[in-house]
Amino acid sequence: MKALLIKYKSVVKFILTFLTVYFVLTLAYKFYLDFSDGSKYYPDYMTNLVAKQSESLLETFGYDTAIVPHEDQPSMKLIVKGKYVARVVEGCNSISVIILFLSFIIAFAGKFKTTFMYILAGSVLIYSVNVFRIAILSIGLYNYPWRKAILHNAIFPLIIYGMVFLLWMFWVNRFSKLKKKDA
């Protein structure tokens, strides 16, 4: 067993680091959600912010849009031209995806400054693409409501997770310590 641990030390280190960072950040996010009372920013600050930024982006695209708190669920209703097209829920705010991204990058960390800057740039990119994703999805749902399943469950998750995967691959191939050790 000891020989296997020594042989696969870098793999074990990656897995333990990834799981630890993911667990700590997920726990911190859970505490954030538990302590968000929704009195000022419903249902929580980040979800509210993403909903409002999606509304602004849709307005920029020329769509008359409104965001209102959902009466029965902890979400924001997204209304396009008077038609209720989508709910912006906590899972739409990209924080969980950013936590996954951060965990991987930290597990494959390079130099501190490079790692920090990549995490910052990648997180901003993921967040921004997510806001665009919600806006484009809302336009799609407004114009093609019968395509809801494929738009929401296939195409748009593929966009966000595909981008995260490409960011990971770029990181591993350009900046991580692993590449420098094996080169």
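Tutor: Two strands pair if DSSP finds at least two bridges between them. Helices (H or I, at least four residues) and strands (E, at least two) are DSSP runs, numbered from the N terminus. This is a predicted model, where local features need pLDDT of at least 70, side-chain atom pairs count only at pLDDT 80 or more, and totals for chains, interfaces and linings use all residues. Residues are numbered from 1 along each chain as its sequence is written, and side-chain values use heavy atoms, leaving out hydrogens and water.

Student: Which residue in strand 3 is the bridge partner of Met76?

Tutor: Strand 2 (residues 75-80) and strand 3 (residues 83-89) run antiparallel, joined by six bridges. In strand 3, Met76 has as its bridge partner Val88.

Student: Which residue takes a positive phi in the hairpin of strand 2 and strand 3?

Tutor: Two residues lie between these strands. The phi in question is near 50 degrees, and the residue is Lys81.

Student: Is Ser123 buried or exposed?

Tutor: Ser123 lies in helix 5 (residues 112-143). Buried means under 20% relative accessible area, exposed over 50%, partly exposed in between (1.4 Å probe, protein chains only). Ser123 has 14% relative accessibility, so Ser123 counts as buried.

Student: Leaving aside neighbours within four places in sequence, which residues is Ser123 in contact with?

Tutor: Contact means heavy atoms within 4.5 Å. With those neighbours set aside, the contacts of Ser123 are Ile98, Phe101 and Leu102.

Student: How far does the backbone oxygen of Ile119 lie from a polar atom of the side chain of Ser123?

Tutor: One end is the backbone oxygen of Ile119, the other a polar side-chain atom of Ser123. The distance between them is 2.8 Å.

Notes. Polar contact = N/O pair within 3.5 Å; in protein donor to acceptor, adjacent residues only side chain to side chain.
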